[in-house]
Amino acid sequence: MKGRTGGLTAKMNNQNQNRRQQENDQLVRKADQNKISLAEIFMANSQQLGGLEDGKVTKMYFHKFLFMEQVCFAFNLMGLGISVIQYDLEYEEFYNDDPMKDISLWLLWLVFVSSCLLVFLTVYRYQAHIEWMKSRKSMAPGDQIWHTDDWLPMLIELAVYCIIPLPFTKGIRVNFYNSIQGSEAYYHVNEILSLIMICRVIYLYRTLLTLTFWYNNRTQRVCNLYACESNYMFVAKSLLRTMPYTALFIALISLICIFGYAVRICERPLSRNDPTSNNLGVFQNALWNIIITITTVGYGDFYTRTDLGRFVIFIVCVLGIFVVSVMVVTLIESLKVTSLEGHAITVLERVALREKLKHEAALVIILTAKAALGYKNGTLTRKQHHQLIVRLKQTLINFKMTHRQHKTKQDENSLNEEITNQFSLLKNDFKQLMERQQVLISTNNLIYQKLGFDNNKSIVNI
């Protein structure tokens, strides 16, 4: 019976080896016929192999997407910088024969051309992001931008990039009446467009988040492993956890400068009529107004007087509440005691209480001896004896309280040690159980070998 079983097992093993060899030969023959490599066959069938992906190819697509993100960042930043310079030139309203007027017009054309290129590069950036997602098998090979959730953010981003100061609207005014100043003022249309153009800063922040450690190919894999979404909010949370003060400081300084510039655009037309009182057209005054607003102080020495300026300040108030709240939470979290610090503090408290207990005990002994000797020798008056007894009672009360506090700290430490010891015992029991299981597995393998069965097939059949 034993010999018949062993022969049957050997025959099955030979059949399995022959089948594997035939499959490998067919795979190699298929690669030779189609002139493709085994790596390409593996990538083509990676979804059926458990969603595996080629790390080098995925990394290549990610770097392509990252490059397009940086190119869009450069064009976006260039457009914003040129618009800031052009705004000051158009506000001055140079005469027709002044060469600065021609420079302002050329800057408008430069903003227009750079924005057109930025629109094209943004579409290509979203396409590079889709290719990256396809290489990671997060999207189907035939999916396009309108099949995903990215089409609406892309349209919004393109619309934001299209709102720019134009050469065709140069010099056009929009008049309005300011009731606080009691006079008429006017905006240039390009000034209002420059104000709206500040919304581009959001996408500058997005690029800065993309360039951090928390947004890369590895992060995507780890987040998928733990079933969480790796997006820009995840990057912001990671930065607030790892480097909270640096992230908040950069955000606060940048927001003050951006909204200070916005308030300056909104309030500067009033300085054409009266440049002396409450002049927020001066950038330093606008910055100070944003600082006292975003920190929820509000001195009132500078305040906005136009409708656009008040709308900007409303946004600053909302952001100020958020920023201050995050700063308070960050400060509280940083002041929390860790578990190791808690153990160290407990030990030091016990040492301090032990020293205090020794001092109180020595004081009790000294006062008791002093009262006994004074009573025996008759050297103390009745008043002195009474004062000594009162002091001795107070010292005994202090000694009892210190002793109770020391005992409480000892009980807390004993409880922590008991919990730690219990976990150590459970760990040892689990280790012994694993060792016994390994012994049983080894014994079963020896039995299977003596019976002539294949170990893996026998376990599967069982």
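Predicted model: local features only at pLDDT ≥ 70, side-chain atom pairs only at ≥ 80, totals over all residues.
In which helix is R206 found? Residues are numbered from 1 along each chain as its sequence is written, and side-chain values use heavy atoms, with hydrogens and water left out.

R206 is found in helix α7, which comprises residues 201–210; helices (H or I, at least four residues) and strands (E, at least two) are DSSP runs numbered from the N terminus. The relative accessible area of R206 is 11%, and the residue is therefore buried, where buried denotes under 20% relative accessible area, exposed over 50% and partly exposed the range in between (1.4 Å probe, protein chains only). When residues up to four places away in sequence are not counted, R206 touches E69, R125, Y126, E157, Y161 and Y232, contact being defined by heavy atoms within 4.5 Å.

Two of these partners, R125 and Y126, also interact with each other: R125 lies over the face of Y126, at 4.8 Å from the ring centre. A charge is taken to sit over a ring if NZ of Lys or CZ of Arg is within 6 Å of the ring centre and within 35 degrees of the ring normal. A further arrangement of this kind involves R268, which lies over the face of Y91 at 3.8 Å from the ring centre. Y232, another residue touched by R206, belongs to an aromatic cluster together with F62, F65, W132 and Y215.

The protein chain contains 15 helices and 2 strands. Of its 462 residues, 32% are buried. Among contacts with a separation of 6 or more, 70% are between residues 24 or more positions apart.

The structure holds 14 aromatic pairs. Rings of Phe, Tyr and Trp (its six-membered ring) pair if their centres lie within 6.5 Å, with planes under 30 degrees apart counted as stacked, over 60 as edge-to-face and the rest as tilted. One of the pairs is formed by Y87 and Y261, which are edge-to-face at 6.1 Å centre to centre, with 85° between the planes. This pair links distant parts of the chain, as Y87 lies in helix α3 (residues 55–92) and Y261 in helix α10 (residues 244–267), 174 residues apart. Y87 is buried, with a relative accessible area of 2%, and Y261 is likewise buried, at 12% relative accessibility. The rings of F112 and F168 have centres 6.2 Å apart and planes at 80°, so this pair is edge-to-face. Here too, distant parts of the chain are linked: F112 lies in helix α4 (residues 99–135) and F168 in the loop between α5 (151–162) and β1 (173–178), 56 residues apart. F112 is partly exposed, with a relative accessible area of 26%, whereas F168 is exposed, with a value of 55%.

The unreviewed UniProt entry places the feature "transmembrane region" at residues 65–85, 105–124, 145–166, 186–205, 243–262, 282–299 and 311–332; UniProt positions are given in the numbering used here, feature names are shortened, and annotations may be inferred rather than shown by experiment. Over residues 145–166, the chain is 55% helix and 0% strand, with the end C-alpha atoms 30 Å apart. Residues 311–332 are 100% helix and 0% strand, and their end C-alpha atoms are 32 Å apart.

Helix α12 has 29 residues and reaches 42 Å from its first C-alpha to its last, close to the 42 Å expected at 1.5 Å a residue; the expected span is 1.5 Å times one less than the number of residues. The buried residues of α12 are G309, V312, I313, V316, G320, V323, V326 and T330, and they pack against α9 (232–242), α10 and α11. At the start of α12, a side-chain oxygen of T306 reaches to within 3.1 Å of the backbone nitrogen of G309.

Most residues other than glycine have a negative phi. Positive values occur at K137, with phi near 65°, and at T296, with phi near 60°. K137 lies in the loop between α4 and α5 and is partly exposed, with a relative accessible area of 33%. T296 lies in the loop between α11 (283–294) and α12 (307–335).

I389 is found in helix α14 (residues 382–451) and counts as partly exposed at 28% relative accessibility. The C-alpha atoms of I389 and A371 are separated by 7.4 Å, the two residues being 18 residues apart along the chain.

Technical notes
Polar contact = N/O pair within 3.5 Å; in protein donor to acceptor, adjacent residues only side chain to side chain.
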